[in-house]
Number of protein chains: 2
Amino acid sequence: MADSDTLETERTRLRLTCRHLAGNGPARLADEFEAIAAWLRQHGDRLVGAEPVPGLQPDVYGTGALVEDFEAEVAALFAMPAARFMPSGCMAQPIALRIWSDRAGNPATAFHPTSHLELHEELGYRHLHGLTAHLIGAADRPTTAADLARAIGPGGVAGETGLASLLVELPAREIGGQLPTWEELVELGDLCRANGIRLHLDGARVWQAAPAYGRTLAEIAALFDSVYISFYKDVGALPGAMLLGPRDFIDEAATWQRRQGGTLYTAAANVVSARMHLAECLERMPRLIVRARQVAALFAAHPRASVLPHPPHTSMFHLRLDGERDELLQARDRVARETGIWLFANLKDIDGQAAVKTELSMGPSSLLLDDAELAAAIALLLEDGSPSDGR
Amino acid sequence: MADSDTLETERTRLRLTCRHLAGNGPARLADEFEAIAAWLRQHGDRLVGAEPVPGLQPDVYGTGALVEDFEAEVAALFAMPAARFMPSGCMAQPIALRIWSDRAGNPATAFHPTSHLELHEELGYRHLHGLTAHLIGAADRPTTAADLARAIGPGGVAGETGLASLLVELPAREIGGQLPTWEELVELGDLCRANGIRLHLDGARVWQAAPAYGRTLAEIAALFDSVYISFYKDVGALPGAMLLGPRDFIDEAATWQRRQGGTLYTAAANVVSARMHLAECLERMPRLIVRARQVAALFAAHPRASVLPHPPHTSMFHLRLDGERDELLQARDRVARETGIWLFANLKDIDGQAAVKTELSMGPSSLLLDDAELAAAIALLLEDGSPSDGR
């Protein structure tokens, strides 16, 4: 017990003091709240007209310039008519599907077998909104038009009911950030439109998809009827999300947001944090796509490691390592102690194999590690060379 | 248009620069976020064991010492077995009623005709949770055991279905903060228990009820099966709420919180803000109860003004003023310009009468105004004396 406390304490210290290969987010919340306070002091007077006033008019129950200006900016970025800031994707996405289902008079929706709504939200779409979801396509690759055609065709899972909506996640997080090809995506959208199926984008990490496709966010959004985006993942802000779509759809979504308890007296910190970090995320994302390919290649050069997909489609990928979980976590700690690099946070066992996997998503800190020191760290992790190799 | 802009701008300036009679909350959000940052720097090292680390481990998806310690502290304050921090009361309360309904196999609940759930939440309890609510008792006074007996008795609105739960708000905000007598409340609780009806406390402002009854929060909570409390109203913190009840009830509530999109990656600012402000709220509340009676008496001395209830039961009351809304708002502005005191934010017309009403809830700033200057401000507002009277 005391030993495991000591181990956890050391791991926490290493995690908090090393340079990270993956991830981002406000690593020191105190810094983030100080930056938010400074932003509010700088922008406060703008929000109440020409008169300088000692303090900001925060957003109040989702209204006011602080949040509405930002919603308009993001709507313009995606070339969507309207947008609504919400606390989380868990709130935003079932609301979107509920609205499309209500309008179609059909509770049936569909998504990928690994969708966040199916795996991580306690099935709120079903228990709160009374929707039924068909999980379509293979679990290890993106959903295609052929998958949808099969589902809504004769004898398909939705052959009799049809579908009010289809949710597509770009990139698909649980399968290493895979994307369908642009042509496959257009074909899927065409098939939805032809069948009156509303296409909703789970864009939690859509910031990655734009440079990966070589398209703008607006070009991607144009294929969809509604879009959800997140500000705390790639953007690295405090929790926050936005739902985008037609004006009347967004007005209806705001009513559901209230019903779900998501219209807060103020969400100023979350809104300011997203406003502060978004531009930088858009600016760095193309470099993170390149970085993911470089890092994946460094791992893939080792016989005990493999990456999925290879090469990565976006700024994230799955890493598979041969070996035992505990041994590899100890090796990670050793790498951290000896090189100051924190390679990954956790490892999951792969059923029935002497191997583990983890997700590596490139954030700003990945750009601060050079290839030589990273190669040495990986060699030390996998013990197939001395720590001094490649230094 | 330009004139109305100028008026609004002046009113905003007055509102932000004057000393307020009513209300509280973080008037300058930048100050609040700086205080949160300082708190995090001070407490950060405590949360990851003995090793000092450069930064805090924030709450992650509702877990971790930052939020769990606070939940335990508040549960102890109310002598309830368990507590769960949530984003809002709109989220917490329908969840509580849903759980009691699921356990009873009965969707029927009941509350006061002016309950927040009926008036201000877009009927989430119905549209999300499928509950049916009976509005029992008269709209202008607290619900009594006699009201409940009538509702569940032969021919009553819930005579056939019975009730899974009853929600009671202490104090009842929409009727000027009225409380039932302690004996009436005990009688209501006894009748619920005798009929297998779970009694839920809407304790958005329960901080007022304890000193008003001369009872502890734990004594009040002992009459209830579950309790909701809020941190942004009397406490004056950022938005945040807590649901309290039996351990298995709270675990179930956490699942519903996830379904509703309320389990955030971090809610550190909201948790820290509540932790920072709660003790001070508990300390000042008895003085605010006294202050409400004093302020009510100052208004009630004028023939154009009356207060409800008189004397106030708690630290809030309704103020009724004879006259036209626009004229009285202009008088409020004049008082603000001439005395530096902001008496109230808004006025509502009373249907069919040449009178308006507003809510006055005493916050810390009410303690900084002395009676003589307040009497002069009220006299100026109601124009029944010269501004220099009573100074």
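**Chatting through a predicted two-chain model**

Me: Is Glu338(B) buried or exposed?
Reply: In this predicted model, a residue is buried if 20 or more other C-beta atoms (placed from the backbone) lie within 10 Å of its own, exposed if 12 or fewer, and partly exposed in between. Glu338(B) has 12 C-beta neighbours inside 10 Å, so Glu338(B) counts as exposed.

Me: Happy to hear about the ground rules; what do they say?
Reply: Residues are numbered from 1 along each chain as its sequence is written, while chains are lettered from A and ligands numbered from 1 in the order in which they are written. As the model is predicted, local features need pLDDT of at least 70 and side-chain atom pairs count only at pLDDT 80 or more, whereas totals for chains, interfaces and linings use all residues.

Me: Which helix of chain B holds Glu338(B)?
Reply: Helices are DSSP runs of H or I with at least four residues, strands are runs of E with at least two, and both are numbered from the N terminus. Residues 325-339 of chain B form the helix in which Glu338(B) is found, α13.

Me: Which residue is the bridge partner of His318(B) in β13(B)?
Reply: Strands β10 (residues 316-322) and β13 (residues 355-361) of chain B run antiparallel, joined by seven bridges; two strands pair if DSSP finds at least two bridges between them. The partner of His318(B) in β13(B) is Glu359(B).

Me: How many Å separate the centres of domain 1 and domain 2 of chain A?
Reply: An automatic or database domain assignment sets the bounds, giving domain 1 (2-25 + 285-382) and domain 2 (58-266) of chain A. Taken over C-alpha atoms, their centres are separated by 30 Å.
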